[in-house]
Amino acid sequence: VDPVALVLALLDQATATSARIFESSRVEALERRGSTWRVETPKGVAHAERVVLCTNAWSARVLPSSGPIYPVRAQMLEARVAPDVPWTLPVYASRGGDYWRRIAPGRVIVGGMRRVGAREENVDVEEPTPRVQAALDELLASITPPGAAVEITRRWAGLMGFTPDELPVAGPVPGHDGVFVLAGFNGHGLTLAPALAEELATTELEGGEVGSVHFSPTRFTYPATS
C-alpha cells in the first residue's frame with residue numbers, strides 16, 4: 001500500500017459525500033457549550049454534537065482523559081541502489097522494529113532501528129538523529145547486494161502514538177459525553193485504524209455498545225486499592 005495514495009483516496013471519498021475538510025487547522029481547545037462541543041482552531045471555531053479525536057500522538061494534548069497516548073519518533077531514509085535490489089514485497093523484521101521496501105527501480109526506503117535510540121525516541125520532535133540514522137545505514141548495507149553502490153537521497157522522521165499496553169484506544173472518552181477517541185495505534189495504524197474507525201462509526205456513534213473493552217479508554221482507569 002502507498003500510504004499517501006491511500007490517504008488521498010480516502011479524502012476523495014469523504015469529500016464526495018457530505019464531509020468537509022479543513023487543512024492546517026490545529027485543534028487548540030475543546031469545550032462543552034450547552035448541548036454541543038466547541039472546537040477551537042487558529043482559523044476558526046467549529047460546533048458539533050459529537051467529536052472524534054483522531055489526533056493520535058497529540059490526543060492527550062487536546063484531551064488528557066482520552067488515554068495515556070504518548071509520541072514515539074520513527075526514522076527512515078530513502079536511497080538509490082545499483083544494481084537494483086531483488087525485493088518483491090515489503091519486509092517487517094525484528095518483530096516490526098525494522099522495515100524496508102522497494103518503491104521504484106533502484107530506489108528503496110528503510111526504517112526502524114528505534115531500539116538504538118531507546119527512550120530518546122519517546123519525543124515529539126520530528127527530526128532524524130545521527131545515532132538512529134547511522135544504524136539505518138548499517139541495516140541498508142546488510143540487506144543490499146554485496147558491492148552495491150548506495151546513495152542516500154533523503155532522511156526524515158515522523159511521530160506515532162503509543163500506549164502502555166501497545167493496544168489502540170477506541171471508544172467514548174470517560175466524563176465527556178459525545179466525545180470519542182480513535183488513536184494510539186503503536187505504529188500499526190495503516191491496518192488497524194480503518195477497521196476500528198468502521199466499528200466506531202457503526203456501533204458507538206449509532207448508540208451501540210463499546211466494540212471491545214480491550215480498546216476502551218476506560219481500561220486505564222483502575223479502582224483504588226487499600
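This is a predicted model: local features need pLDDT of at least 70, side-chain atom pairs count only at pLDDT 80 or more; totals for chains, interfaces and linings use all residues.
Local features need pLDDT of at least 70 and side-chain atom pairs count only at pLDDT 80 or more, while totals for chains, interfaces and linings use all residues. Residues are numbered from 1 along each chain as its sequence is written, and side-chain values use heavy atoms, without hydrogens and water.

The largest nonpolar core has 16 residues. Such a core is a set of buried Ala, Val, Leu, Ile, Met, Phe, Trp, Tyr and Cys residues joined through side-chain atoms within 4.5 Å. Val108, Val110, Leu136 and Leu139 have the most contacts inside it. Strand E5 (70-82), strand E8 (107-112) and helix H4 (130-143) each give two or more residues to this core. Helices (H or I, at least four residues) and strands (E, at least two) are DSSP runs, numbered from the N terminus. H4 supplies the largest share, six residues. A second, separate core of 14 residues includes Trp37, Leu53, Val173 and Ala183.

The whole structure holds 12 salt bridges, each a side-chain nitrogen of Lys or Arg within 4 Å of a carboxyl oxygen of Asp or Glu. Arginine 73 pairs with glutamate 121 (2.9 Å, N to O). Arginine 73 lies in strand E5 and glutamate 121 in the loop between helix H3 (114-117) and H4, so the pair ties together parts 48 residues apart in sequence. Arginine 73 is buried at 6% relative accessibility, and glutamate 121 is buried at 2%. Buried means under 20% relative accessible area, exposed over 50%, partly exposed in between (1.4 Å probe, protein chains only). Arginine 26 bridges to glutamate 28, with the closest N and O atoms 2.8 Å apart. Here arginine 26 is exposed at 56%, and glutamate 28 is partly exposed at 49%. Glu78, Arg107 and Arg154 form a salt-bridge network.
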